[in-house]
Each structure stands twice: as C-alpha cells, then as structure tokens.
Amino acid sequence: MKKEFAVIGLGRFGGSICKRLAEEGMNVLAIDSDEEKVNEFSNIVTQAVIADSTDEKALRGLGIRNFDHVIVAIGDNILASIMTTQILDELGVKHITVKAQNLHHEKVLNRIGADEVVHPERDIGVRIAHNVVSKNVLDYLELSDEYSIVELMAGQKIAGETIIDLDFREKYGCNILAIKRSDDIKVSPQPNEAIENGDILIVVGADADINRLENHWIDDNEG
Ligand code: ATP
C-alpha cells in the first residue's frame, strides 16, 4: 500500500518535498493557509487544501492522524510551526518531521513531539564549508556530533595500494564503505581491491580520525 504523506507549508522547502514525493508516485496532501500557494500545487499533488495548521479542528477535519508521515515546512512563523507540531503530536500522528529555523526552535520541537527535526540551511552550510576547506572532500554527511561519512578523492599516493595494505581500519579507525570508479560503484569492497588514482572512497569514521586520514593525503598530494 502506498504511504500517505501530508506537507504543511508550501514555501521552497515544503514545495520541493511535495514535488519529489509526487514524482515518486506517493499520495500527498499539501496544506497552506495561502490560497495562491495551494492553487500552485493543486495539479501536482493528490490533494491541496487551504487551511491554517494552528487550527486543531481544521487538521482533525482533514483526517491528519491517518497520514503515515506529516512534514511541517513552515519557515518564518516559528510559533505556528511549534503549535502545529504540538497539535499533530496530540492528534497521534505517527511520524512528524519539522523544519527548524534555529537551534532554540530545534530544541523546542524535539521536546514537544517532533520525531525528526531538519535544519536545511545549517546542514547545507556545513556541507559546503567542508567541501571548500578540503580539496579532497567531495561530499560530507554528518551522522552525529562525532561521526561522519565522507567522499574522498584518492590521490596518486595511494594508487595501486590495496585496502588491506592501507589498513585504514587499524591506522585511523575508519572503514571504506564503497568505491566509486567512473560510473561504477563497488559497495563493501574486498580487502584485496586495489585503489586507482581518481577513485572516490566513501569512508565512515569519527571526524577526528577522518581529518587525520585526510590531512595525510593532502600533505602527500601537495608534496
Ligand atoms: P522556504 O525557505 O522553504 O522558502 P519560506 O520562507 O517560504 O520557506 P514561510 O513563507 O515562512 O517559509 O512559510 C512557508 C509556507 O508556510 C508559506 O507558504 C506560508 O503560507 C505557510 N504557512 C505559514 N503559516 C502557516 C499556517 N499556520 N498554516 C498553514 N500554512 C502556513
């Protein structure tokens, strides 16, 4: 059975979620208090309605508790975002994802029943910063305050070495999850797999350990 999603707030963030879910063939109810926004999405999603999500009766009337996942994408109006989240939690919605504007907003949302809080501006900022400070880091995903997954470009220094020779696990406490080579991706590569110059290594580990590993490569590449 198809999952039922509801998206509240049709700004750039909520709107792009609606479009993507619709492209994936999901059932999506789009809600916004602004009629123009609702009209814009009426041909894209399963149903688009004008409603104020801080009005409990309105949300009840839409049968919001029957949706598998509700995404609150109200941007600037932090109070409306908090009230909406609280109502959704009280109505027993199974999974609530909320967009936070800042750290205080995030903390409150976590306390009042949000299952997942996203902070797209901050997250994308951290990713871009990582990409610009290190020429070897191509992409970056924060798993927790301490652990990340990064994409690292393999340089000349380690070309020809096998995973077992490099022994990242022993030396740095990092694991190579996959190797991207041209259009190919090798998930869980074998220990005897030889690295080629230009390979992209997808590595998981503690940030400090990834940094050590990365610095080692940068020094070698520059030398
Ligand atoms: P983004 O960064 O995603 O573009 P934005 O700046 O567009 O965010 P806002 O305009 O603050 O974010 O809010 C997103 C949408 O949420 C708007 O279309 C707004 O009409 C809608 N919205 C705000 N409050 C409510 C509410 N109480 N009920 C329903 N929709 C709401």
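First, a term: a salt bridge here is a side-chain nitrogen of Lys or Arg within 4 Å of a carboxyl oxygen of Asp or Glu. Two remarks on sources: this is a predicted model, where local features need pLDDT of at least 70 and side-chain atom pairs count only at pLDDT 80 or more, while totals for chains, interfaces and linings use all residues. Residues are numbered from 1 along each chain as its sequence is written, and side-chain values use heavy atoms, with hydrogens and water left out.

Now the pair. R181 and D199 form a salt bridge, with 2.7 Å between the closest N and O atoms. Helices (H or I, at least four residues) and strands (E, at least two) are DSSP runs, numbered from the N terminus.

Are these two residues buried or exposed? Buried means under 20% relative accessible area, exposed over 50%, and partly exposed in between, with a 1.4 Å probe and protein chains only. R181 has 17% and is buried; D199 is buried as well, at 1%. The pair also belongs to a network of salt bridges that links R181, E193, E196 and D199.

How many salt bridges does the structure hold? There are nine. Another one joins K180 and E151, at 2.8 Å from N to O. K180 is in strand 9 (residues 175–181) and E151 in strand 8 (residues 147–153), so to speak distant parts of the chain, 29 residues apart. K180 is partly exposed at 29%, whereas E151 is buried at 17%.

R20 and E23 form a salt bridge with the closest N and O atoms 2.9 Å apart. Both residues lie in helix 1 (residues 12–23), three residues apart, which is about one turn of the helix. R20 is partly exposed at 48% relative accessibility, and E23 is exposed at 59%.

Next, the surface patches. Patches are made of residues with over 30% relative accessible area and no salt bridge; like charges are joined within 9 Å, and nonpolar side chains (Val, Leu, Ile, Met, Phe, Trp, Tyr) within 5 Å. Accessible areas come from the Shrake-Rupley method with a 1.4 Å probe, and for residues only the protein chains shown count as cover.

L141, L143 and Y147 make a nonpolar surface patch of about 280 Å². Y147 sits in strand 8 and is partly exposed, at 40%.

A patch of negative charge on the surface gathers D34, E35, E36 and E40. Of these, E40 is in helix 2 (residues 35–41) and is partly exposed, with 46% relative accessible area.

Last, the chain as a whole. It has nine helices and eleven strands. Buried residues make up 42% of its 223 residues. The C-alpha atoms fill a box of roughly 65 × 35 × 30 Å along the principal axes.

Methods: Lys, Arg positive; Asp, Glu negative; His and termini not counted. Charge placed at Lys NZ, Arg CZ, Asp CG, Glu CD.
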